[in-house]
Amino acid sequence: MIRREFLNVASTALGTVGLAPRMLEREAAAAAEVDAAKSGLADVALAAAKRLGASYADIRINRYRSESITTREQQVQNVARNQDFGFGVRVLVKGTWGFAASSIVTADEIRRVTQAAVDIARANSAFQRKRVTLAPAARVEANWKSAFEKDPFDVPLDIKIQFLLTLNGAAMKTAGVSFVNSSMVWVNEQRFLATSDGSRIEQYIIRGLPQFNVTAVSRQTGDFQTRRSLGGPQARGYEYIEKYPWRAEAQQAAEEAVAKLKAKSVEPGRYDLVIHPTNLWLTIHESAGHATELDRALWWEADYAGTSFLTPDKAGKLRFGSPLVNIVADRVQPTALATVAYDDDGVPAQRWYLVKDGVFVDWQTTRDLAPLIGRKKSYGCLNADSWRNVAFPRMPNVSLEPGAQDTSLDELVAGVEKGILIYGDGSWSIDQQRYNFQFGGQTFWEISKGKVAGMMRDVAYQSRSTDFWGACDGLGGRSTYQLNGSFVDGKGEPGQVGVVSHGCPVARFRQINVLNTSVSMT
Amino acid sequence: MVLTETASRAVTDRLLGSVTADDGVAFVESEDYSHLRFAANTFLTSGRREGVNARVTVWIGKRRGSASTTDLSDAALKQAVEDAQTFAKLAPVDVEYLPSLAQQTYKPGQGWVDATSRIDLPDRAHQISDAIAQSEKGGIIGAGFHQVGLLARASATMHGNFNYERGSLVSLKMTARTPDGSGSGYFGRNHFDVARLDTARVAREAIRRASDSRGARMLPAGTYPVVLEAQAVADLLDSGGMSFDARNADEGRSAFSLPGGATRVGTRLFDPRINIVSDPWRPELSKFTVSDEGVPAETTYLVRNGMVETLRYSRYWAQQKNKKPSGPFAFILESSTPGSSVDAMIKTAKRALLVARFFYIRTVDPRSASVTGLTRDGVWYIENGEIKYPVRNFRFNQSIVLMLAPGNVDLIGVPERVASSEGGRDPLFVPALRLNAFNFTSQSDAV
């Protein structure tokens with residue numbers, strides 16, 4: 001469930017502003033000092049947990065660095081840099097989980113917090129109905145870095161600010177543009193995991209989210225329209241800023257925001273849709289990604305995000321979509337947001353099919369979920385968004401494979417008599433069992449007799465997951481494939497935000513219900 | 001345990017004592033949080049976290065820098081100040097800089113209760129076990145979430161301001177489902193006083209609703225009169241559709257903007273009985289009384305008798321527009337006439353749908369504060385004053401402004417403290433509503 005309050009979350013991050021080189025060195029030295037001690041500190045936790053009666057324990061000692069720069073027009077609104085360091089200890093006592101966390105990373109505090117985690121587990125175990133069992137995991141010692149070329153935390157602040165202000169300037173040059181907001185967020189996760197199974201795993205991950213939003217206001221009519229950036233977050237370094245055509249897209253977005261003010265409002269009805277990857281990723285996320293989470297199928301998420309129409313008896317039987325539809329779970333894809341080497345259970349990252357030739361075939365699992373459906377191993381989907389939160393099942397990258405032929409967007413459009421071409425994600429909503437969804441977009445283009453005819457507005461498409469995927473009759477080829485994703489996928493109680501990518505080609509869907517979302521205030 | 005006022009002031013004093021910049025603000029927050037999550041009638045995860053964060057923001061020639069640390073030693077705090085001052089020298093001029101606040105007068109809130117901070121683990125486990133036992137007894141599968149949050153925060157400025165406040169919160173929410181998946185019910189409540197959280201009632205209501213929602217019938221989508229329980233109203237009003245932000249309205253990009261550059265302040269946008277008030281001292285609400293900018297709360301009517309009276313201003317925008325800046329928002333929607341009970345709304349309804357809760361609400365048209373979303377965990381058909389049968393869920397597309405407009409609001413209930421089921425812990429104080437028309441646009445198979 002993608003959170004709606006991301007901007008608020010970002011702006012309230014504990015903030016610091018741009019680091020001088022000397023300070024970066026100091027940060028690095030402090031980190032190195034603690035890194036050297038991590039293994040010894042982990043031993044303290046694991047020994048204490050064992051002494052206190054835990055049958056399993058793990059400790060995550062994690063450092064999170066983040067930087068966000070937000071601007072509007074030619075103003076810098078905020079520059080924030082945060083370091084967040086701490087540890088969390090998870091124990092299993094009498095088949096019951098306990099967890100405790102602290103930001104004070106010392107041996108004494110680790111002993112105290114481990115005791116607290118055991119106390120919680122023990123108190124709850126007296127009333128526990130079903131004991132937790134874990135699928136086995138191999139002992140691992142590993143050190144891994146994600147795929148990035150240029151560490152964004154090494155790039156000077158003034159270069160980043162200048163980039164955003166130049167982007168804003170490019171958009172503001174278009175007549176009719178009223179406002180531009182832009183930002184970039186960088187995250188560095190330095191994860192350390194030690195388990196009582198003997199694993200010791202270090203991972204270093206870089207992710208980035210550059211984005212902008214152009215607003216055109218018509219003061220005469222009281223109308224306003226926006227066009228948000230199409231380039232989504234990726235697990236890439238600053239090279240993402242340098243290689244993606246952000247400035248050209250900002251100029252295009254400006255023209256499209258102004259054009260939307262005068263675009264034709266859509267007539268509700270059934271249309272063939274040609275959906276660009278910048279929009280389709282979110283539909284994959286909501287209708288396939290969350291629907292194939294085993295914890296949802298087992299009603300573990302019933303109180304918050306919901307359950308799933310894919311009940312445990314349906315794997316290998318239920319037709320999810322047309323035979324063209326192959327959906328893969330993937331935690332090894334380079335530059336994808338949920339890619340890691342090992343999950344928070346210490347299980348290796350993997351790639352496997354969730355939907356094969358249109359049939360739902362498999363789940364997303366963790367060590368405590370897999371045994372519940374008779375599996376001997378986990379697919380490695382355990383993750384926590386912070387040292388302070390307990391790890392729980394989270395979505396891997398979930399992607400739609402491109403078609404076998406390298407079909408182009410134009411070729412898919414050519415097969416449409418009356419339809420709409422959709423770019424960019426807009427409004428999004430889906431029910432708690434993942435049947436009924438409604439998605440908007442950023443730009444909508446009328447398709448008439450096989451050609452793009454002109455801009456439309458006020459479009460949302462609404463369907464039922466299996467009806468929608470069953471209506472897929474055309475996939476673009478590898479050359480149309482793109483990764484998009486979310487920095488703020490919400491799930492769980494207490495709520496955590498996940499990061500996840502969804503790759504897909506452009507795709508065509510027949511006779512989908514389209515709504516007009518415009519509401520007159522008069 | 002969270003920091004006391006004395007301990008918090010010692011931290012802000014030490015931070016500001018090291019500042020050599022032109023201006024500065026120091027903050028310190030401390031948290032003690034624990035949870036117990038259950039599902040499928042068994043415990044899932046349970047944990048506790050404790051943390052503190054000290055932060056300083058400084059300005060040198062209107063250039064701003066900030067730094068934070070979780071280490072409260074003298075050396076760490078001094079280093080944070082030095083870092084912030086280094087950042088300020090690197091940063092561009094903050095064109096929205098305003099001098100930090102001089103001494104303000106704060107009227108304290110009442111959102112802290114010692115007993116809430118002393119909930120012990122075995123007691124909690126026992127209470128949740130009882131809720132699960134109620135589910136088992138009723139042949140129901142229960143899932144839910146109990147949390148206790150303690151938060152203390154303080155800030156101080158170089159111009160002499162200081163404030164400190166702390167809050168406690170305990171909550172239980174629960175979703176009950178029939179084993180065959182044909183019925184689902186939800187109920188959740190939170191309070192700052194543990195004595196005021198009736199955990200047995202939460203379980204009882206969720207289970208009752210699950211049982212009562214079995215065998216739901218499919219009705220066609222369309223426009224229906226509705227009775228929205230307070231939970232459903234909170235879900236809608238917390239969805240972000242109506243933020244009352246003055247800057248967005250002045251800039252022409254909100255539902256409160258008018259053609260020609262004006263705003264809807266002074267217009268009767270809502271039913272004449274409706275008041276929307278921010279009042280953190282309302283006894284059942286008792287929220288924080290200091291904004292993130294240090295602005296003291298005031299009891300403020302945003303909407304009085306249906307008329308938009310004012311909007312909400314940041315310090316910067318207030319200075320630009322010669323208005324008073326706004327304190328924290330404590331959302332209250334109430335009627336200027338005596339409220340009706342939900343039972344009375346049902347008994348006097350000729351035909352309506354009773355809605356318990358909404359889910360996954362997102363804006364589709366900000367010009368009219370229009371949102372989409374779905375009903376969840378209970379919809380019932382009412383005819384001639386009686387609940388006739390449960391109904392399958394719907395998707396809706398609805399303008400919140402038009403929903404509350406003159407002519408559409410039929411009856412207004414008595415406000416109660418309720419948090420959005422999707423949005424989290426922050427409570428609103430809102431009533432049930434009976435509305436003449438609500439737009440359900442498609443059916444959902446979800447239960």
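A: Let's start with strand 15 (residues 379-383) of chain B and strand 16 (residues 386-390) of chain B, which run antiparallel and are joined by 4 bridges. Helices (H or I, at least four residues) and strands (E, at least two) are DSSP runs, numbered from the N terminus, and two strands count as paired if DSSP finds at least two bridges between them. Before going on: this is a predicted model, so local features need pLDDT of at least 70 and side-chain atom pairs count only at pLDDT 80 or more, while totals for chains, interfaces and linings use all residues. Residues are numbered from 1 along each chain as its sequence is written, with chains lettered from A and ligands numbered from 1 in the order in which they are written.

B:Ile382 has B:Ile387 of strand 16 of chain B as its bridge partner. There are 2 residues between the strands, and B:Asn384 in this hairpin takes a positive phi near 50°.

Domain 1 of chain B puts 34 residues into the contact and domain 2 of chain B puts in 24, where contact means that the C-beta atoms of two residues, placed from the backbone, lie within 7 Å. On the domain 1 side, strand 4 (141-157), strand 5 (162-177), strand 6 (184-191) and helix 5 of chain B each supply at least two residues. Strand 5 of chain B has the largest share of that side, with 7 residues. By class, that side of domain 1 of chain B has 7 nonpolar, 21 polar and 6 charged residues. For these classes, Ala, Val, Leu, Ile, Met, Phe, Trp, Tyr, Cys and Pro count as nonpolar, Asp, Glu, Lys and Arg as charged, and the others, Gly among them, as polar.

Helix 5 (residues 199-212) of chain B also packs with helix 4 (residues 121-137) of chain B: their axes come within 9 Å and cross at roughly 25°. That makes helix 4 of chain B roughly parallel to helix 5 of chain B. The naming goes by angle: under 35 degrees is roughly parallel, over 145 roughly antiparallel, 65 to 115 roughly perpendicular and the rest oblique. Axes here are lines fitted to C-alpha atoms, for helices over the stretch in contact, with angles running from 0 to 180 degrees between N-to-C directions. From helix 4 of chain B, the contact residues are B:Gln127, B:Asp130, B:Ala131, B:Gln134 and B:Ser135, and from helix 5 of chain B they are B:Thr199, B:Ala200, B:Ala203, B:Arg204 and B:Ile207. The residues of this contact divide into 4 nonpolar, 4 polar and 2 charged.

Helix 4 of chain B has a partner across the chain boundary too. Helix 3 (residues 107-125) of chain A packs with helix 4 of chain B at an angle of about 40°, with their axes 8 Å apart. That makes helix 3 of chain A oblique to helix 4 of chain B, and this crossing is right-handed. Here A:Asp119, A:Ile120, A:Ala123 and A:Asn124 meet B:Leu121, B:Pro122 and B:Ala125. The contact has 5 nonpolar, 1 polar and 1 charged residues.

For the interface as a whole, 82 residues of chain B are in contact with 71 residues of chain A. Strand 2 (residues 42-60) of chain B gives the most to the chain B side, with 12 residues. That side divides into 30 nonpolar, 35 polar and 17 charged residues. Strand 2 of chain B is also joined by 4 bridges to strand 3 (residues 96-102) of chain A, and the two run parallel. In that pairing A:Ala101 stands opposite B:Arg49.

How values were computed. A crossing is left-handed if the near helix is turned anticlockwise from the far one by less than a right angle, and right-handed if clockwise.
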